[in-house]
Amino acid sequence: MGREEQIEEREVLDSIFPDEIIDIDEKSYRITINPDVPQQDGEDVESPTLLLTITYPLSYPDEPPILDLSLPPNAPKPPHLDISADRGPLLSSLTGTIEENLGMAMVFTLVTVLRENIESLILERVASIQAAKDRIAEEAEAQENAKFHGERVTRESFLRWREGFRGEMEAREEEERARREMAEIKGRGPKKEDKLTGRELWEKGLVGKVEEDEDVGVEDGLERLKVA
């Protein structure tokens, strides 16, 4: 019963995957999977090629098929996919589908679900990379805009500014106070007498007095000479 169902499913798969399926032996075959990959930066990216190997156990489909996922020989590492790390999680993602289809031919369903899971994984990683690029671009734009808009005013930045402003004003007031005190000290010093002009001396009646003082001084000098 099991072997007949296996042969029948294998014939159906030949019609569905005429170019993608290759026999390994009577119980094993390999199907090529080419998941669709979204564009990156507006450019098309070559779809990765993966190989799903299916081996029928004796009682399949009453027990799960044996599955393996690999890359073609000498194939380059596909972008956004690490087959050595992703193989286990991708095959494990088929567990629920296998359990739902036990007792029925399930390989076509498994291939379909596996392709969708691979595409979802790649799409998630591409979106993550794009999100990181967008974040970097937004940060660069914000830094550029900050040059024109200045620092954003927050409560913390306002308090820092107010403290600095008050300190600056206090320093200015102290400097002004010291300048005024110095000016007052200089203002209390001895004043130089202004020299009077001849007209001012005459108006104050000091001209005759000065001449008399000068004459007295001359006479005193002559008297001293005579005595000598």
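From the N terminus on, the elements run α-β-β-β-β-α-α-α-α-α-α, giving 7 helices and 4 strands; these are DSSP runs, with at least four residues of H or I for a helix and at least two of E for a strand, numbered from the N terminus. Do keep in mind that this is a predicted model, where local features need pLDDT of at least 70 and side-chain atom pairs count only at pLDDT 80 or more, while totals for chains, interfaces and linings use all residues. Residues are numbered from 1 along each chain as its sequence is written, and side-chain values use heavy atoms, leaving out hydrogens and water.

**Burial and surface**
- Of the 228 residues, 22% are buried (buried is under 20% relative accessible area, exposed over 50%, partly exposed in between, with a 1.4 Å probe and protein chains only).
- The protein exposes about 17200 Å², and carbon and sulfur atoms supply 53% of that area (Shrake-Rupley method, 1.4 Å probe; for residues, only the protein chains shown count as cover).
- Val153, Phe158, Trp161 and Phe165 make a nonpolar surface patch of about 440 Å² (patch residues have over 30% relative accessible area and no salt bridge; nonpolar side chains, namely Val, Leu, Ile, Met, Phe, Trp and Tyr, are joined within 5 Å, and like charges within 9 Å).
- Phe165 belongs to helix H5 (residues 155-187) and is partly exposed at 38% relative accessibility.

**Strands**
- Strand S2 (residues 28-33) has 5 of its 6 residues buried, so the rest of the structure largely encloses it.
- S2 pairs antiparallel with strand S1 (residues 21-23) over 3 bridges (pairing takes at least two DSSP bridges between two strands), and a hairpin of 4 residues joins S1 to S2.
- S2 also runs antiparallel to strand S3 (residues 50-55), with 6 bridges; Ser28 has Thr55 in S3 as its bridge partner.

**Salt bridges**
- The count comes to 8 salt bridges (a side-chain nitrogen of Lys or Arg within 4 Å of a carboxyl oxygen of Asp or Glu).
- Arg10 and Asp23 form one of them, with their closest N and O atoms 2.5 Å apart; Arg10 sits in helix H1 (residues 2-16) and Asp23 in strand S1, so the pair ties together parts 13 residues apart in sequence.
- Arg10 is buried at 12% relative accessibility, Asp23 is partly exposed at 48%, and a salt-bridge network links Arg10, Asp14 and Asp23.
- Asp86 and Arg125 meet at 2.8 Å, N to O, so helix H2 (residues 83-92) and helix H4 (residues 107-149) are tied together by residues 39 apart in sequence.
- Within helix H5, Glu175 and Arg179 lie 4 residues apart, about one turn, and their salt bridge spans 3.2 Å, N to O.
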